[in-house]
Amino acid sequence: VVELTRGDAVGMTGAQVLADTARGGGLSRFVFASTTSARAEARNTYGKIKYAIEERLNALPWSEGRIFCARIGLVYGGPEQAQFGLMAKLASLPVLPMIGLRREVQPIHVDEVAEALVTLVVDPPAGRQTVVIAGPQPMRFGAWLRLLRRARHGRRMLLVPVPIWLALAGCDLSRRIPFLPTVE
């Protein structure tokens, strides 16, 4: 069960309204850009909400063969904004303490994502409403950051693994220091 905030509920309703409006406007297919973390048991709210939206769209009576959920992997390339902007900043550092370095990702270039989405609209796979759009080879996130640094800066990166308990303790400690800004 996913507990929705007002914003999450608006997102779910908005996706359905958008799909219904596209259908009413004569479009034969609707593609919802989702995430590879979309699943009922996702570790984060983002993945749980994306999964809930997929389920809602797939439950529409007219969805079969018309609604497709594109679960997109870790996207790189293009303007250095959002998630790719953060990865580019991280890759500029020679030493990076970090949690989750062993987590697997499947990086894919933004141009490949665009091509796959167009293909999904023009020639969707029969019998499948959910399609994964990701790079062909899984790799550890730490290896990905090192590869990105080498490609962008021609230099190596030292990754220092940080245990999750230590990172959480640091976050807790930062809340107790009066002059540090808080994130809400």
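S63 sits in the loop that links α2 to β2. The model is predicted: local features need pLDDT of at least 70, side-chain atom pairs count only at pLDDT 80 or more, and totals for chains, interfaces and linings use all residues. Residues are numbered from 1 along each chain as its sequence is written, and side-chain values use heavy atoms, with hydrogens and water left out. Helices (H or I, at least four residues) and strands (E, at least two) are DSSP runs, numbered from the N terminus.

S63 is buried, at a relative accessible area of 2%. Buried means under 20% relative accessible area, exposed over 50%, and partly exposed in between (1.4 Å probe, protein chains only). The side chain of S63 reaches the backbone oxygen of L60 at 3.0 Å.

Step back to helix α2, residues 45-58. At its start, a side-chain oxygen of N44 comes within 3.3 Å of the backbone nitrogen of Y46.

Now the strands. β1 (residues 30-35) and β2 (residues 67-72) pair in the parallel sense over 6 bridges. Pairing requires that DSSP find at least two bridges between the strands. The chain runs from β1 through α2 to β2, and this β-α-β crossover is right-handed. In other words, with the strands pointing away from the viewer, the path from the first strand over the helix to the second runs clockwise. Within the pair, A33 stands opposite A70 in β2.

Next, helix α3. A82 is found there. Its phi is near 50°, a positive value in a residue other than glycine. Is A82 buried or exposed? A82 is exposed, with a relative accessible area of 71%.

R128 is partly exposed, with a relative accessible area of 43%. R128 and D20 lie 108 residues apart in sequence and 20 Å apart in space, C-alpha to C-alpha.

Conventions
The expected span of a helix is 1.5 Å times one less than its number of residues. A polar contact is a pair of N or O atoms within 3.5 Å; within protein, one must be able to donate a hydrogen and the other to accept it, and residues adjacent in sequence count only if both atoms are side-chain atoms.
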